[in-house]
Amino acid sequence: MTTLKKIAVIGAGTMGNGIAHTFAQNGFSVNLIDISEDSIQRGLQTIERNLDRMLAKEKISEKEKASTLKNINSFTDTKKGVENADLVIEAATENEALKLKIFGDLGKFCSSSTILATNTSSISITKIATAVAHPERVIGMHFMNPVPIMKLVEVIKGYNTSNEVLSTIFQLSKTIGKVPVEVNDYPGFIANRILMPMINEAIESLYNGVAGVYEIDTVMKLGMAHPMGPLQLADFIGLDVCLSILNVLYSGFKNSKYAPCPLLVNMVTAGKLGVKSGEGFYDYSESKKAEKLAKQFL
């Protein structure tokens with residue numbers, strides 16, 4: 001099994017900074033890469049806030065917090081950021097064209113022995129691997145959000161992914177405290193092939209007037225023991241991401257059960273994307289937060 005020491009993560013957003021945090025906390029040297037310095041700084045601030053939460057809960061020490069932050073270096077130049085990396089994990093926006101462009105660049109910037117992983121939640125690993133020479137080194141590592149807390153890593157083997165790379169990523173996932181599960185390369189893999197139709201059906205139920213947002217989520221939380229209702233979870237994932245994944249499923253399977261609900265399409269078109277935009281099925285605006293805070297004292 002190949003020993004991996006230096007990790008590069010492309011994308012400083014929610015998933016990228018979570019992946020960087022997790023590897024850095026487990027003693028790996030991490031290069032966090034994004035095209036925007038502002039995005040890098042937001043990502044680093046998020047990592048520090050999350051470490052502070054862990055510190056407050058006595059899950060880590062001040063020393064561990066400091067060493068985690070010290071293990072992370074930031075870059076806005078992808079070529080410099082992936083230089084000498086043993087593993088590159090792409091965690092950019094869920095967009096096929098963008099991912100193909102990134103992997104095309106990685107094929108030029110990285111050595112042929114560098115393992116190239118993608119955190120895609122639905123896009124074909126086999127398709128992404130066509131952008132590079134030696135496609136046997138391309139693999140899917142689908143982390144769950146929030147990455148520092150959630151244990152699962154869906155490890156997706158593309159058509160050409162070698163067994164050695166699969167074994168290496170399995171062992172690496174265990175090293176950082178995760179539970180890897182092998183999945184084959186079909187649209188949506190397992191997590192989203194099952195989850196997204198459920199979320200879409202919840203949206204259809206709302207669209208058809210069967211029940212309201214609160215009622216739908218309450219049924220699933222109290223009746224099915226889900227920690228979060230499907231509409232709240234959709235807000236948390238991002239309605240634009242949900243729509244993108246459903247489109248991949250619908251395109252891949254040509255089955256109407258994966259067709260996105262018109263309500264979801266309209267909400268995304270209107271910019272109601274969930275937590276990230278301040279409003280989705282629920283209101284996350286500052287005024288609403290202030291209202292909730294005020295109620296605590298009434």
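These are questions and answers about a few residues in a predicted model.

Mentor: In this predicted model, local features need pLDDT of at least 70, side-chain atom pairs count only at pLDDT 80 or more, and totals for chains, interfaces and linings use all residues. Residues are numbered from 1 along each chain as its sequence is written, and side-chain values use heavy atoms, with hydrogens and water left out.

Trainee: Why is N17 called buried?

Mentor: Buried means under 20% relative accessible area, exposed over 50%, and partly exposed in between (1.4 Å probe, protein chains only). N17 has a relative accessible area of 6%, so N17 is buried.

Trainee: Where is N17 found?

Mentor: In helix α1, residues 14–25. Helices (H or I, at least four residues) and strands (E, at least two) are DSSP runs, numbered from the N terminus.

Trainee: Which residues is N17 in contact with, leaving aside its neighbours within four places in sequence?

Mentor: G11, A12, G43, T46 and I47. Contact means heavy atoms within 4.5 Å.

Trainee: Why does E58 count as exposed?

Mentor: The relative accessibility of E58 is 73%, therefore E58 counts as exposed. E58 lies in the loop between α2 (37–56) and α3 (62–70), and its phi is near 60°, a positive value in a residue other than glycine.

Trainee: What makes A225 count as exposed?

Mentor: A225 has 65% relative accessibility, so A225 counts as exposed. The loop between α9 (213–224) and α10 (230–237) holds A225, whose phi is near 60°, a positive value in a residue other than glycine.

Trainee: What kind of peptide bond joins N145 and P146?

Mentor: A cis peptide bond, with omega about 0°. P146 sits in the loop between β6 (138–143) and β7 (152–157).
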